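Colleague: I'd like to learn how to read side-chain contacts in a model like this one. Can we go through them one feature at a time?

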Amino acid sequence: LMIELRSMSPEVFDKYMGFIWNDYRSEVLKAGFTEEQADTATENAKKQILNDGVPNEDQRFFEVFAGEKNVGLIHIAKQGDEGGWYIYSTSY
């Protein structure tokens, strides 16, 4: 069975963004930060990976397919100047 990465559809991307930012904010709150600090941290994180809601050139968001079945999502980002990529998150 072949595994294929396909760019996230706009609908999946919007749902994924809603999920990851809510999850990120929850984790910041669990770490003991205030609501205001969690909001600020979330907005700063968004600015690092998005430009007006669109991923910057160092970010890639994929749907993972096994055949025609969607089996997951993956977000990777370029790290450093040497061309390495970091897996930020996966889901499903």
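Modeller: The scale runs from buried (under 20% relative accessible area) through partly exposed to exposed (over 50%), using a 1.4 Å probe and protein chains only. Keep in mind that this is a predicted model, where local features need pLDDT of at least 70, side-chain atom pairs count only at pLDDT 80 or more, and totals for chains, interfaces and linings use all residues. Residues are numbered from 1 along each chain as its sequence is written, and side-chain values use heavy atoms, with hydrogens and water left out.

Colleague: Got it. Which residue meets Asp39 in a salt bridge?

Modeller: The general idea first: side chains of opposite charge can pair when their charged atoms come close. The cut-off for a salt bridge is a side-chain nitrogen of Lys or Arg within 4 Å of a carboxyl oxygen of Asp or Glu. Here Asp39 pairs with Arg25, at 2.5 Å from N to O. Arg25 sits in helix α1 and Asp39 in helix α2, so this contact ties together parts that are 14 residues apart in sequence. The helices are DSSP runs (H or I, at least four residues), just as strands are (E, at least two), numbered from the N terminus.

Colleague: And what else does the side chain of Arg25 meet in a salt bridge?

Modeller: Glu35, with N to O at 2.4 Å. Glu35 belongs to helix α2 (residues 35-49) and Arg25 to helix α1 (residues 10-30), so that pair ties together parts ten residues apart in sequence. Both ends are partly exposed: Arg25 has 22% relative accessibility, while Glu35 has 48%.

Colleague: How many salt bridges are there by that rule?

Modeller: Six. Another one of them joins Lys46 to Glu43, with the closest N and O atoms 3.4 Å apart. Those two are three residues apart in helix α2, which puts about one helical turn between them. Lys46 comes out partly exposed at 26%, and Glu43 is partly exposed too, at 39%. Then there's a network: Glu4, Arg6 and Glu68 are joined by salt bridges that share partners.

Colleague: Let's move on to rings. How many aromatic pairs does the structure hold?

Modeller: Four. You describe a pair of aromatic rings by the distance of the centres and the angle of the planes. Rings of Phe, Tyr and Trp (its six-membered ring) pair if their centres lie within 6.5 Å; planes under 30 degrees apart are stacked, over 60 edge-to-face, and the rest tilted. Take Phe13 and Phe61: they are edge-to-face, 5.1 Å centre to centre with 80° between the planes. Phe13 is in helix α1 and Phe61 in strand β4 (residues 59-66), 48 residues apart, which makes this a link between distant parts of the chain.

Colleague: Are Phe13 and Phe61 buried or exposed?

Modeller: Phe13 is buried at 11%, and Phe61 is buried at 7%. For a second pair, look at Tyr86 and Tyr88: centres 5.0 Å apart and planes at 85°, so edge-to-face again. Tyr86 is partly exposed at 44%, as is Tyr88 at 41%. Ring pairs also link Phe13, Tyr16 and Phe61 into a cluster.
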